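This report describes how side chains are packed in one protein chain. Please keep the sequence and the structure in view while reading.

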Amino acid sequence: RFELAEPRCGAGGTPDLSLHQTRKDAPVNRACSSLLTVNSADQSDTSPPGIIDRRFTKQLRQFEMNPRLLAVFLAVICTAGFSSAQNAVTLPDDGTTRTNLGDDALLEWGYTTVQGSTMLFEIWKKMPSTGIARKADNGTFEAFDTWQGRVEPQGEASLLLRAVTKDDAGQYQLATTFNDGTSDNKERTLIVQFAPEDTTVTATPGLIAKEGDASLVLTCQAGGIPAPTYTWTGDNLPADATQDAAAGTLTIANIQRAAAGQYTCTSDNGIAQLPGDDPAVLTNSVNVQVQYGPSTATITRDPADKVVQWSTVTLSCAVDAANPPATYTWSRINGTLPTNADQDRVAGTLRLKSIQPDAAGTYQCSATNQIGAPVTANHVIDEVEEATKPPPTTTPKPVTTEKRQTPAPQTGSADGAVIAGVVAVLVFVILVAAFMLGRYLARHKGDYKTNEEKGDGEDADTALQNGDPNHPTVKKNKEWFI
């Protein structure tokens, strides 16, 4: 009678290998299932062949047998060699397929089989669980759902994927079942390469720097596979600026005003853009501003010669350069500004209106833009020459000419206007004619005869004439109205 024994044999290494132990005359799991159990792990899909790890457990239950037979049995178990030949899916390369966006991708697999074993059926899928297609041992190929028209088998185990997109990138698996009941699978990676896109630029600490700052860092980034490299250009790019093509950084140290200007980043990864892509996505430009304070200030005077009482004197202050522009403040050393002084802080002018002799003195201009220290300049008015006050000038009032607007013609019928004009003319003619006729009738009443002339009787003159043959002939009279 023998007690339980667990002899073990093994070797370190990766990956593990599936082992199937048999005896010459019968499989272990049939004749000696009560004596021997073999456990194993599957070989890793993507690791190269390595040291085989054989681990098995021999379990002896309580039984009675010949000690010599048992010794022989144990010797065979410990010294027997195990065959590593098996059915397996293989990868012809490192398991990675690289294809440019829009091109076709060939996903390659192969087989190693033991003698007499063949493929029963194959299934391709996109990990983790999206089925792509399947093929039977009789050559029948079927693509699933949205993969129809995009995939086709190549060789004994490979798959052709047409016109790849960015979404096609990822892990793909071939799972194969062989006619002896064994199965295996392997995964490979599809990398979809595409040209840089969406190039962006950031600035640290910002795009507005001050003269004398320690550094300014511009960082360029873009999408794209493989990772792009970056090149910086600029009209005012300092000679001592440093670039990191992989990180996309441009570092400008000890900022000076001459560094202000436009900087352009260009990304490139060796992959050409597709037709219709916008080339502008490969570049990005930024404007760097450098702020600095004024270094000197000067004052000019108008008029430049003598200053005469009652006149207006203008002092103008200016700086050499400043960003942002400087503002100006005027003061009078050992005194205050005259009451009639008018200063413009933006233009930098001081106007002394109707200047008086007591306005003589030293005037100071202070210019600053909050960057650095203020700068000052002085101007001296030695003397204000006295003069008689000029008479007040009267400003003539401006003559306003009222512009009369011609009334817009009323809209209406043109025929009505013509008729109205004709009627007005007729009325005017009738009135004139009536006036002339009335005046004529009033001045000229015409001839008339008396009753005597008509024969109704003799008038006094006729009677007198008839009675006196010597009486002269009487003339007929006319009556006029004056």
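## The largest nonpolar core

The largest nonpolar core contains 22 residues, and V319, W330, I355 and Y363 have the most contacts inside it. A nonpolar core is a set of buried Ala, Val, Leu, Ile, Met, Phe, Trp, Tyr and Cys residues joined through side-chain atoms within 4.5 Å; buried means under 20% relative accessible area, with a 1.4 Å probe and protein chains only. Among the elements that give two or more residues to this core are strand 21 (297–302), strand 24 (327–332) and strand 27 (361–368). Strand 23 gives the most, with four residues. Strands are DSSP runs (E, at least two residues), numbered from the N terminus.

The model is predicted: local features need pLDDT of at least 70, side-chain atom pairs count only at pLDDT 80 or more, and totals for chains, interfaces and linings use all residues. Residues are numbered from 1 along each chain as its sequence is written, and side-chain values use heavy atoms, with hydrogens and water left out.

## A second core

A separate core of 21 residues includes A105, W124, W147 and V192.

## Aromatic rings

Two aromatic pairs are counted, where ring centres of Phe, Tyr or Trp (its six-membered ring) must lie within 6.5 Å. The ring centres of Y111 and F178 are 5.6 Å apart and the planes stand at 75°, so this pair is edge-to-face, a term for planes over 60 degrees apart. Y111 belongs to strand 6 and F178 to strand 12, 67 residues apart. Both Y111 and F178 are buried.

Definitions and conventions: Buried < 20%, exposed > 50% of the residue type's maximum accessible area, 1.4 Å probe, protein only. Phe/Tyr/Trp six-rings, centres within 6.5 Å; stacked < 30°, edge-to-face > 60°.
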